[in-house]
Amino acid sequence: MSTRTFLAGRPLLAVLMALLLVAPAFVRTPDARAYPRGGAADSIARIIPTKPVVVEILSPKLSREVEDIAVKLEAAARHNPAWFQAYTQRHTRPLPWHPNLGVTKPEYQRYLDESANVPLAVTQRATLTFKRDGTANRWTLEGWGKLTPINGTVIDLDRATATNRRGRLDLIGTARPDKEQQAARLDWRWFGTFRSQHGLVKGGASGQALVASLHIGPLGDGSTTGIYWSYRRFNDGRKMDDEFLLLRFANQPR
């Protein structure tokens, strides 16, 4: 089995780039500039498709050498999740090197250098439906296979929430990412952010911790839309669950 195929079934490898490099771009949305036109709900409503769309499922396209380094980073994070959780909270991005990351300092620098400009590759395509509830500003996402993590998500713009099996996420607004913090490596014009109310516990090594976030917004020239879903759960510093999806689809003519 090739490393590239191996990566596709291991979600933590996909989120490592966000954790090590650009996680604050999502967590601290007030640091970004607010999207100037209308309210957040109105801005998001305008880009929700009226018909099923074919979405591209994206993953970072790393070289074989850097993929091998990423595997080591993942193994270290799984081996010592309490330390890894606390370390990612304690430092700004990119995270400084530490022996507990499971790689040498030169290996880590190579990982950072390549990851800073890594392209995204389409690993699969799937159909995603935004099923509207009558004339209400409420849609249920329907998708299968790789889209299972967001299947059943209800985006309710009247209540400013997104709800799924991971609980309720509140709409905290729209923002433009800083150029050096292009969220999840996509060329966002802006993105709307839904986020769970329960952030990571201070201290990081004990207690319950849960972060769920959903981001949606136009990309590049506005002809495509991106969706980013991330979910992480800890229990007393022990890694419990991980989900990650990065999607892109062509906008439909209105």
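Modeller: Let's start with one rule: two strands pair if DSSP finds at least two bridges between them. Strand E5 (residues 154–156) and strand E6 meet that rule with three bridges, running antiparallel. One thing to keep in mind throughout is that this is a predicted model.

Biologist: How many bridges join E6 to E7, then?

Modeller: Four bridges join E6 (residues 161–164) to E7 (residues 167–176), and these strands run antiparallel. Look at Ala162 as well: it stands opposite Leu169 in E7. Two residues lie between E6 and E7, and the two strands form a hairpin.

Biologist: And how many residues are between the strands in the hairpin of E5 and E6?

Modeller: Four residues there, and Ala160 takes a positive phi near 60° in that hairpin. Ala160 is worth a look, as that positive phi turns up in a residue other than glycine. You'll find Ala160 in the loop between E5 and E6.

Biologist: Which strand does E2 pair with?

Modeller: E2 pairs with E3 (residues 120–132), antiparallel, over eight bridges. To find your place, look for Leu58, whose bridge partner in E3 is Val122.

Biologist: Why is E2 described as largely enclosed by the rest of the structure?

Modeller: Because six of the eight residues of E2 (residues 53–60) are buried.

Biologist: What about helices? How many residues of H6 are buried?

Modeller: Helix H6 (residues 81–90) is mostly covered, with seven of its 10 residues buried. Among the buried ones are Trp83, Phe84 and Tyr87. For the chain as a whole, buried residues make up 50% of the 254.

Biologist: How do I read the way two helices pack? At what angle do H5 and H7 meet?

Modeller: Look at the angle, the distance and the residues that touch. Helix H5 (residues 64–79) and helix H7 (residues 105–115) pack at about 115°, and their axes are 10 Å apart. H5 passes H7 in a left-handed crossing. On the H5 side, the residues that meet H7 include Val66, Ile69 and Leu73, while the H7 side includes Tyr108, Arg110 and Tyr111. By class, that contact has six nonpolar, no polar and five charged residues.

Biologist: Now contacts along the chain. Which residues is Thr140 in contact with, leaving aside its neighbours within four places in sequence?

Modeller: Contact here means heavy atoms within 4.5 Å. With those neighbours set aside, Thr140 is in contact with Thr129, Phe130, Lys131, Gly152, Thr153 and Val154. Take Thr129: in sequence it is 11 residues from Thr140, but C-alpha to C-alpha they are 7.9 Å apart in space. Thr140 lies in strand E4, and at 26% relative accessibility it counts as partly exposed.

Biologist: How many residues apart in sequence are Lys146 and Ile57?

Modeller: They are 89 residues apart, yet their C-alpha atoms are 8.2 Å apart in space. Lys146 lies in the loop between strand E4 (138–142) and E5. With a relative accessible area of 39%, Lys146 is partly exposed.

Biologist: What share of the chain's contacts with a separation of 6 or more comes from residues 24 or more positions apart?

Modeller: Those residues account for 63% of such contacts.

Biologist: Finally, how many helices and strands are there in the chain?

Modeller: Seven helices and 11 strands. The accessible surface of the chain comes to about 12200 Å², with 51% belonging to carbon and sulfur atoms.

How values were computed
Residues are numbered from 1 along each chain as its sequence is written. This is a predicted model: local features need pLDDT of at least 70, side-chain atom pairs count only at pLDDT 80 or more; totals for chains, interfaces and linings use all residues. Side-chain values use heavy atoms; hydrogens and water are left out. Buried means under 20% relative accessible area, exposed over 50%, partly exposed in between (1.4 Å probe, protein chains only). Accessible areas come from the Shrake-Rupley method with a 1.4 Å probe; for residues, only the protein chains shown count as cover. Axes are lines fitted to C-alpha atoms, for helices over the stretch in contact, and angles run from 0 to 180 degrees between N-to-C directions. A crossing is left-handed if the near helix is turned anticlockwise from the far one by less than a right angle, and right-handed if clockwise. Ala, Val, Leu, Ile, Met, Phe, Trp, Tyr, Cys and Pro count as nonpolar, Asp, Glu, Lys and Arg as charged, and the others, Gly among them, as polar.
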